[in-house]
Amino acid sequence: MWWGVGAALVANALYSVGFVVEKRALGSLPSLSAGRPLQVIRVLATSPLWIVGALALAAGFGAQLVVYRALPIAAAQGIFVSGLVLLLLLSSAVLGEESTGRERYALGGVLLALLMVVASVREGEDVVSGGAPWPLVLLVCVPALAAGVWLYVRVESRAAKRHRVPTSGIGYGVAVGLLYGVSSLAIKGTSSRLTSTDLGEAALSLFGSPYPYLLLFTAVAGLVMSQAALQRCRASLIVPVCTTVTCLFTAVLGTLAFGESLPEDPLLLTLRVGGTALALSVLLAMPRHDPQPAAAP
(Lines give C-alpha, C1' and ligand atoms only; values in the text may rest on other atoms or scores of the structure.)
Protein backbone atom coordinates (compact mmCIF):
# COMPACT_ATOMS: atom_id res chain seq x y z
CA MET A 1 0.00 0.00 0.00
CA TRP A 2 2.75 2.45 0.92
CA TRP A 3 4.69 1.81 -2.26
CA GLY A 4 1.53 2.92 -4.04
CA VAL A 5 1.67 6.22 -2.14
CA GLY A 6 5.31 6.61 -3.15
CA ALA A 7 4.46 5.88 -6.80
CA ALA A 8 1.68 8.52 -6.66
CA LEU A 9 4.11 11.15 -5.37
CA VAL A 10 6.59 10.23 -8.13
CA ALA A 11 3.80 10.53 -10.70
CA ASN A 12 2.95 13.97 -9.28
CA ALA A 13 6.53 15.15 -9.71
CA LEU A 14 6.77 13.81 -13.25
CA TYR A 15 3.45 15.36 -14.30
CA SER A 16 4.34 18.74 -12.80
CA VAL A 17 7.76 18.83 -14.47
CA GLY A 18 6.27 17.65 -17.75
CA PHE A 19 3.57 20.34 -17.85
CA VAL A 20 6.00 23.13 -16.97
CA VAL A 21 8.57 22.03 -19.56
CA GLU A 22 5.87 21.76 -22.22
CA LYS A 23 4.55 25.23 -21.35
CA ARG A 24 8.09 26.62 -21.62
CA ALA A 25 8.50 25.02 -25.04
CA LEU A 26 5.10 26.22 -26.29
CA GLY A 27 6.13 29.83 -25.75
CA SER A 28 8.55 29.64 -28.67
CA LEU A 29 6.30 27.69 -31.06
CA PRO A 30 3.85 29.03 -33.65
CA SER A 31 0.22 29.45 -32.61
CA LEU A 32 -1.55 26.09 -32.32
CA SER A 33 -5.17 25.32 -33.15
CA ALA A 34 -7.04 22.18 -32.10
CA GLY A 35 -8.92 22.44 -35.40
CA ARG A 36 -5.70 21.44 -37.20
CA PRO A 37 -4.56 18.38 -35.22
CA LEU A 38 -1.98 17.11 -37.72
CA GLN A 39 -0.29 20.52 -37.82
CA VAL A 40 -0.24 20.60 -34.01
CA ILE A 41 1.46 17.21 -33.83
CA ARG A 42 3.95 18.16 -36.56
CA VAL A 43 4.90 21.42 -34.83
CA LEU A 44 5.26 19.75 -31.42
CA ALA A 45 7.46 17.00 -32.87
CA THR A 46 9.99 19.62 -34.03
CA SER A 47 10.62 20.92 -30.50
CA PRO A 48 13.23 18.94 -28.51
CA LEU A 49 12.25 20.75 -25.30
CA TRP A 50 8.59 19.84 -25.73
CA ILE A 51 9.56 16.20 -26.34
CA VAL A 52 11.43 16.20 -23.00
CA GLY A 53 8.25 17.38 -21.28
CA ALA A 54 6.18 14.75 -23.10
CA LEU A 55 8.58 12.02 -21.98
CA ALA A 56 8.19 13.18 -18.37
CA LEU A 57 4.40 12.92 -18.72
CA ALA A 58 4.75 9.45 -20.25
CA ALA A 59 6.86 8.37 -17.26
CA GLY A 60 4.14 9.77 -14.99
CA PHE A 61 1.65 7.61 -16.87
CA GLY A 62 3.78 4.55 -16.10
CA ALA A 63 3.91 5.46 -12.42
CA GLN A 64 0.13 5.90 -12.43
CA LEU A 65 -0.31 2.30 -13.60
CA VAL A 66 1.56 1.21 -10.48
CA VAL A 67 -0.58 3.46 -8.28
CA TYR A 68 -3.87 1.91 -9.44
CA ARG A 69 -2.55 -1.56 -8.69
CA ALA A 70 -1.90 -0.61 -5.05
CA LEU A 71 -4.38 2.12 -4.03
CA PRO A 72 -8.15 2.57 -4.24
CA ILE A 73 -9.28 5.16 -6.76
CA ALA A 74 -10.49 7.70 -4.18
CA ALA A 75 -7.24 7.59 -2.21
CA ALA A 76 -5.15 7.92 -5.38
CA GLN A 77 -7.07 11.01 -6.51
CA GLY A 78 -6.56 12.72 -3.17
CA ILE A 79 -2.80 12.27 -3.52
CA PHE A 80 -2.73 13.28 -7.18
CA VAL A 81 -4.35 16.62 -6.29
CA SER A 82 -1.36 17.38 -4.07
CA GLY A 83 0.86 17.51 -7.15
CA LEU A 84 -0.52 20.97 -7.85
CA VAL A 85 1.61 22.34 -5.04
CA LEU A 86 4.78 21.46 -6.95
CA LEU A 87 3.23 22.65 -10.20
CA LEU A 88 2.49 26.12 -8.79
CA LEU A 89 5.99 26.39 -7.35
CA LEU A 90 7.61 25.33 -10.63
CA SER A 91 5.40 27.59 -12.74
CA SER A 92 6.46 30.53 -10.58
CA ALA A 93 10.18 29.67 -10.57
CA VAL A 94 10.53 28.53 -14.21
CA LEU A 95 7.76 30.33 -16.09
CA GLY A 96 7.58 33.51 -14.02
CA GLU A 97 3.85 33.02 -13.38
CA GLU A 98 3.45 34.87 -10.10
CA SER A 99 1.06 33.32 -7.58
CA THR A 100 -1.45 35.54 -5.81
CA GLY A 101 -1.95 35.61 -2.05
CA ARG A 102 -5.01 33.38 -2.38
CA GLU A 103 -3.03 30.86 -4.40
CA ARG A 104 -0.30 30.73 -1.77
CA TYR A 105 -2.86 30.10 0.96
CA ALA A 106 -4.31 27.38 -1.25
CA LEU A 107 -0.97 25.55 -1.17
CA GLY A 108 -1.28 25.09 2.57
CA GLY A 109 -4.83 23.80 2.21
CA VAL A 110 -3.85 21.25 -0.43
CA LEU A 111 -0.93 20.05 1.69
CA LEU A 112 -3.29 19.54 4.65
CA ALA A 113 -5.65 17.62 2.36
CA LEU A 114 -2.76 15.40 1.24
CA LEU A 115 -1.87 14.54 4.83
CA MET A 116 -5.50 13.67 5.56
CA VAL A 117 -5.81 11.33 2.57
CA VAL A 118 -2.47 9.62 3.23
CA ALA A 119 -3.43 9.15 6.90
CA SER A 120 -6.62 7.38 5.78
CA VAL A 121 -4.68 4.64 3.99
CA ARG A 122 -4.30 1.48 6.08
CA GLU A 123 -2.47 -1.61 4.89
CA GLY A 124 -4.89 -4.50 4.49
CA GLU A 125 -8.04 -2.46 5.12
CA ASP A 126 -8.53 -0.91 1.67
CA VAL A 127 -9.76 -3.22 -1.08
CA VAL A 128 -8.41 -2.41 -4.55
CA SER A 129 -10.82 -3.42 -7.31
CA GLY A 130 -9.68 -5.96 -9.85
CA GLY A 131 -11.87 -4.69 -12.67
CA ALA A 132 -15.27 -3.42 -13.80
CA PRO A 133 -17.91 -4.48 -16.35
CA TRP A 134 -16.78 -2.75 -19.53
CA PRO A 135 -20.34 -1.83 -20.67
CA LEU A 136 -20.65 0.16 -17.43
CA VAL A 137 -17.29 1.81 -18.08
CA LEU A 138 -18.41 2.81 -21.59
CA LEU A 139 -21.71 4.13 -20.19
CA VAL A 140 -19.68 6.45 -17.96
CA CYS A 141 -16.90 7.37 -20.41
CA VAL A 142 -18.62 7.97 -23.77
CA PRO A 143 -20.92 10.80 -22.59
CA ALA A 144 -17.97 12.41 -20.78
CA LEU A 145 -15.87 12.34 -23.96
CA ALA A 146 -18.71 13.85 -25.98
CA ALA A 147 -19.25 16.58 -23.37
CA GLY A 148 -15.53 17.40 -23.24
CA VAL A 149 -15.15 17.75 -27.01
CA TRP A 150 -18.38 19.77 -27.29
CA LEU A 151 -17.32 22.18 -24.55
CA TYR A 152 -13.87 22.67 -26.06
CA VAL A 153 -15.34 23.45 -29.49
CA ARG A 154 -17.76 25.91 -27.89
CA VAL A 155 -14.96 27.72 -26.02
CA GLU A 156 -12.86 27.82 -29.22
CA SER A 157 -15.72 29.33 -31.20
CA ARG A 158 -16.23 32.04 -28.58
CA ALA A 159 -12.51 32.78 -28.43
CA ALA A 160 -12.42 33.25 -32.21
CA LYS A 161 -14.96 36.10 -32.13
CA ARG A 162 -13.71 39.63 -32.61
CA HIS A 163 -13.79 42.00 -29.60
CA ARG A 164 -14.13 38.97 -27.32
CA VAL A 165 -13.44 38.98 -23.61
CA PRO A 166 -9.99 37.40 -23.08
CA THR A 167 -10.28 33.67 -22.53
CA SER A 168 -9.72 32.76 -18.89
CA GLY A 169 -8.93 29.10 -19.53
CA ILE A 170 -11.63 27.71 -17.24
CA GLY A 171 -13.64 26.18 -20.09
CA TYR A 172 -10.51 24.67 -21.61
CA GLY A 173 -9.55 23.19 -18.25
CA VAL A 174 -12.98 21.61 -17.70
CA ALA A 175 -13.07 20.15 -21.23
CA VAL A 176 -9.59 18.65 -21.06
CA GLY A 177 -10.25 17.49 -17.49
CA LEU A 178 -13.19 15.39 -18.69
CA LEU A 179 -10.97 13.71 -21.29
CA TYR A 180 -8.25 13.05 -18.75
CA GLY A 181 -10.86 11.70 -16.32
CA VAL A 182 -11.80 9.11 -18.92
CA SER A 183 -8.10 8.44 -19.49
CA SER A 184 -7.63 7.90 -15.75
CA LEU A 185 -10.41 5.30 -15.69
CA ALA A 186 -8.86 3.63 -18.73
CA ILE A 187 -5.50 3.50 -16.93
CA LYS A 188 -7.22 1.90 -13.94
CA GLY A 189 -8.86 -0.64 -16.24
CA THR A 190 -5.61 -1.35 -18.04
CA SER A 191 -3.81 -2.02 -14.77
CA SER A 192 -6.52 -4.52 -13.82
CA ARG A 193 -5.96 -6.40 -17.10
CA LEU A 194 -2.20 -6.69 -16.74
CA THR A 195 -2.24 -9.29 -13.97
CA SER A 196 -1.25 -12.42 -15.89
CA THR A 197 2.41 -13.42 -16.22
CA ASP A 198 1.62 -14.85 -19.65
CA LEU A 199 2.18 -11.98 -22.11
CA GLY A 200 -0.13 -13.43 -24.73
CA GLU A 201 -2.94 -13.94 -22.24
CA ALA A 202 -2.47 -10.44 -20.81
CA ALA A 203 -2.48 -8.88 -24.31
CA LEU A 204 -5.62 -10.81 -25.28
CA SER A 205 -7.36 -9.67 -22.10
CA LEU A 206 -6.29 -6.05 -22.61
CA PHE A 207 -7.15 -5.66 -26.29
CA GLY A 208 -10.45 -7.46 -25.80
CA SER A 209 -11.50 -4.59 -23.55
CA PRO A 210 -12.29 -0.94 -24.44
CA TYR A 211 -9.41 0.42 -22.34
CA PRO A 212 -6.60 0.64 -24.95
CA TYR A 213 -8.96 2.32 -27.42
CA LEU A 214 -10.13 4.84 -24.83
CA LEU A 215 -6.47 5.53 -24.02
CA LEU A 216 -5.63 6.02 -27.69
CA PHE A 217 -8.47 8.50 -28.25
CA THR A 218 -7.85 10.47 -25.07
CA ALA A 219 -4.09 10.51 -25.73
CA VAL A 220 -4.44 12.02 -29.21
CA ALA A 221 -7.40 14.31 -28.53
CA GLY A 222 -6.06 15.30 -25.12
CA LEU A 223 -2.64 16.08 -26.59
CA VAL A 224 -3.99 18.40 -29.27
CA MET A 225 -6.58 20.09 -27.06
CA SER A 226 -4.38 20.51 -23.99
CA GLN A 227 -1.38 21.90 -25.85
CA ALA A 228 -3.42 24.48 -27.75
CA ALA A 229 -5.05 25.55 -24.47
CA LEU A 230 -1.80 25.51 -22.50
CA GLN A 231 -0.18 27.80 -25.07
CA ARG A 232 -2.87 30.43 -24.51
CA CYS A 233 -3.38 30.22 -20.75
CA ARG A 234 -1.31 30.19 -17.57
CA ALA A 235 -0.20 26.69 -16.58
CA SER A 236 -0.85 27.65 -12.95
CA LEU A 237 -4.50 28.36 -13.86
CA ILE A 238 -5.51 25.79 -16.47
CA VAL A 239 -3.76 22.75 -14.97
CA PRO A 240 -5.39 23.12 -11.51
CA VAL A 241 -8.83 23.39 -13.12
CA CYS A 242 -8.12 20.39 -15.35
CA THR A 243 -6.80 18.37 -12.41
CA THR A 244 -9.80 19.25 -10.23
CA VAL A 245 -12.26 18.01 -12.85
CA THR A 246 -10.20 14.90 -13.55
CA CYS A 247 -9.89 13.94 -9.88
CA LEU A 248 -13.54 14.62 -9.09
CA PHE A 249 -14.71 12.64 -12.13
CA THR A 250 -12.39 9.73 -11.39
CA ALA A 251 -12.98 9.61 -7.63
CA VAL A 252 -16.79 9.65 -7.87
CA LEU A 253 -17.61 7.76 -11.07
CA GLY A 254 -14.53 5.56 -10.95
CA THR A 255 -15.27 4.37 -7.43
CA LEU A 256 -18.83 3.52 -8.47
CA ALA A 257 -17.89 1.86 -11.77
CA PHE A 258 -15.14 -0.29 -10.26
CA GLY A 259 -17.13 -1.12 -7.14
CA GLU A 260 -14.58 0.06 -4.60
CA SER A 261 -15.82 0.81 -1.10
CA LEU A 262 -14.71 3.59 1.21
CA PRO A 263 -13.11 2.79 4.60
CA GLU A 264 -15.52 1.41 7.21
CA ASP A 265 -13.72 3.01 10.15
CA PRO A 266 -15.43 6.38 10.84
CA LEU A 267 -12.13 8.20 11.44
CA LEU A 268 -10.52 6.86 8.25
CA LEU A 269 -13.68 7.62 6.27
CA THR A 270 -13.70 11.20 7.58
CA LEU A 271 -10.05 11.66 6.68
CA ARG A 272 -10.52 10.19 3.18
CA VAL A 273 -13.68 12.09 2.25
CA GLY A 274 -12.70 15.26 4.12
CA GLY A 275 -9.22 15.39 2.59
CA THR A 276 -10.51 14.94 -0.95
CA ALA A 277 -13.31 17.48 -0.41
CA LEU A 278 -10.86 19.99 1.08
CA ALA A 279 -8.48 19.67 -1.86
CA LEU A 280 -11.28 20.12 -4.39
CA SER A 281 -12.81 23.03 -2.45
CA VAL A 282 -9.48 24.85 -2.23
CA LEU A 283 -8.86 24.47 -5.94
CA LEU A 284 -12.36 25.58 -6.89
CA ALA A 285 -11.91 28.69 -4.70
CA MET A 286 -8.69 29.72 -6.42
CA PRO A 287 -8.79 32.88 -8.58
CA ARG A 288 -10.11 32.22 -12.06
CA HIS A 289 -8.55 35.25 -13.75
CA ASP A 290 -5.14 36.86 -13.82
CA PRO A 291 -4.95 40.13 -11.89
CA GLN A 292 -5.36 43.21 -14.06
CA PRO A 293 -2.09 45.03 -14.71
CA ALA A 294 -1.72 48.35 -12.96
CA ALA A 295 -2.55 51.34 -15.13
CA ALA A 296 0.42 53.41 -16.29
CA PRO A 297 0.67 56.80 -14.53
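## A charge over a ring

A charge sits over a ring if NZ of Lys or CZ of Arg is within 6 Å of the ring centre and within 35 degrees of the ring normal. In this predicted model, Lys 188 meets that description: it lies over the face of Phe 258, at 5.9 Å from the ring centre.

## Aromatic pairs

Two aromatic pairs turn up when the whole structure is searched. One of them joins Tyr 68 and Phe 80, whose ring centres are 6.2 Å apart; their planes stand at 80°, so this pair is edge-to-face. Tyr 68 belongs to helix H3 (residues 48-70) and Phe 80 to helix H4 (residues 73-81), and the pair links distant parts of the chain, 12 residues apart.

Tyr 152 and Tyr 172 also form an aromatic pair. Here the centre-to-centre distance is 5.1 Å and the angle between the planes is 50°, which makes the pair tilted. Because Tyr 152 lies in helix H7 (residues 134-159) and Tyr 172 in helix H8 (residues 170-193), the pair ties together parts that are 20 residues apart in sequence.

In the tilted pair, Tyr 152 has 3% relative accessibility and so counts as buried. Tyr 172 is at 1% relative accessibility, and therefore counts as buried.

Key:
Residues numbered from 1 in each chain as written. Predicted model: local features only at pLDDT ≥ 70, side-chain atom pairs only at ≥ 80, totals over all residues. Heavy atoms only, no water. Phe/Tyr/Trp six-rings, centres within 6.5 Å; stacked < 30°, edge-to-face > 60°. Helix = DSSP H or I, 4+ residues; strand = E, 2+ residues; numbered from the N terminus. Buried < 20%, exposed > 50% of the residue type's maximum accessible area, 1.4 Å probe, protein only.
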